[in-house]
Amino acid sequence: MNSKKTEAVIFNYLVNNRYGIGSTDPVRLKGLDAQKQYRVEEINLYPGTKSSLGQGQTYSGDYLMKVGVNPDLNSNRTSVLLKISAL
């Protein structure tokens with residue numbers, strides 16, 4: 001997160017795929033402004049593919065810190081890079 005709480009990058013990597021479950025729990029973020037709205041975008045996509053997260057979803061900082069976002073990691077998506085941008 002930058003000092004103005006307007007941008008952040010989150011890298012997620014699947015380290016355990018026991019039973020083929022993948023990621024089941026959301027990642028709760030820290031250091032956001034609870035009053036701001038943030039756009040969450042997956043930025044490490046192969047050309048011609050779409051994110052399973054729904055590109056450009058908007059959440060409040062409060063939601064991202066209390067509930068979080070599930071990067072949807074699985075055996076086909078072993079790493080996910082998310083960009084968080086304040087609106």
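Asp72 is partly exposed, because its relative accessible area is 26% (buried means under 20%, exposed over 50%, partly exposed in between, with a 1.4 Å probe and protein chains only). Asp72 sits in the loop between helix 1 (61-66) and strand 4. Helices (H or I, at least four residues) and strands (E, at least two) are DSSP runs, numbered from the N terminus. Phi of Asp72 is near 60 degrees, a positive value in a residue other than glycine.

Lys5 also has a phi near 60 degrees, positive in a residue other than glycine. Lys5 lies in the segment before strand 1. Lys5 counts as partly exposed because its relative accessibility is 34%.

## The model

This is a predicted model: local features need pLDDT of at least 70, side-chain atom pairs count only at pLDDT 80 or more, and totals for chains, interfaces and linings use all residues. Residues are numbered from 1 along each chain as its sequence is written, and side-chain values use heavy atoms, with hydrogens and water left out.

## Overall fold

The protein has 1 helix and 4 strands. Along the sequence, the pattern is β-β-β-α-β. The radius of gyration is 13 Å, close to the 12 Å that the globule rule gives for 87 residues, so the protein is as compact as a globular protein of that length. That radius is taken over C-alpha atoms, and the globule rule is 2.2 Å times the number of residues to the power 0.38.

The C-alpha atoms fill a box of roughly 40 × 30 × 20 Å along the principal axes. Of the 87 residues, 29% count as buried. The accessible surface comes to about 5,800 Å², and 48% of it belongs to carbon and sulfur atoms. Accessible areas come from the Shrake-Rupley method with a 1.4 Å probe; for residues, only the protein chains shown count as cover. Among contacts (heavy atoms within 4.5 Å) between residues at least 6 apart in sequence, 74% join residues at least 24 apart.

## The nonpolar core

The largest nonpolar core has 14 residues. Such a core is a set of buried Ala, Val, Leu, Ile, Met, Phe, Trp, Tyr and Cys residues joined through side-chain atoms within 4.5 Å. Leu29, Leu64, Leu82 and Ile84 have the most contacts inside the largest core. Strand 1, strand 2 (37-42) and strand 4 (79-86) each supply at least two of its residues. The largest share, 3 residues, comes from strand 4.

Leu82 touches residues including Ala8, Val9, Ile10, Val40 and Val69, not counting residues up to four places away in sequence. Val40 belongs to strand 2. Val40 counts as buried because its relative accessibility is 4%. The C-alpha atoms of Val40 and Gly56 are separated by 5.5 Å, at 16 residues apart along the chain.

Val27 lies in the loop between strand 1 and strand 2. Val27 counts as partly exposed, because its relative accessibility is 31%. Val27 and Val69 are 42 residues apart in sequence but 5.4 Å apart in space, C-alpha to C-alpha.

Ser85 is in strand 4. Ser85 counts as buried because its relative accessibility is 12%. Leaving out residues up to four places away in sequence, Ser85 touches Thr6, Glu7, Gln37, Tyr38 and Arg39.

## Salt bridges

Side chains of opposite charge can pair when their charged atoms come close. Here a salt bridge is a side-chain nitrogen of Lys or Arg within 4 Å of a carboxyl oxygen of Asp or Glu. The count comes to 4 salt bridges. One of them joins the side chains of Glu7 and Lys83 (3.8 Å, N to O). This pair links distant parts of the chain: Glu7 in strand 1 and Lys83 in strand 4, 76 residues apart.

Another joins Glu42 and Arg77 (3.2 Å, N to O). Glu42 is in strand 2 and Arg77 in the loop between helix 1 and strand 4, 35 residues apart. Both Glu42 and Arg77 are buried. Glu42, Asp72 and Arg77 are linked in a network of salt bridges. Asp62 and Lys66 also form a salt bridge (3.2 Å, N to O). Both lie in helix 1, 4 residues apart, about one turn of the helix.

## A surface patch

Phe11, Tyr13 and Val15 form a nonpolar patch on the surface, with about 390 Å² of accessible area together. Patches are made of residues with over 30% relative accessible area and no salt bridge: like charges are joined within 9 Å, nonpolar side chains (Val, Leu, Ile, Met, Phe, Trp, Tyr) within 5 Å. Phe11 is in strand 1 (residues 7-13). Phe11 counts as exposed because its relative accessibility is 54%.
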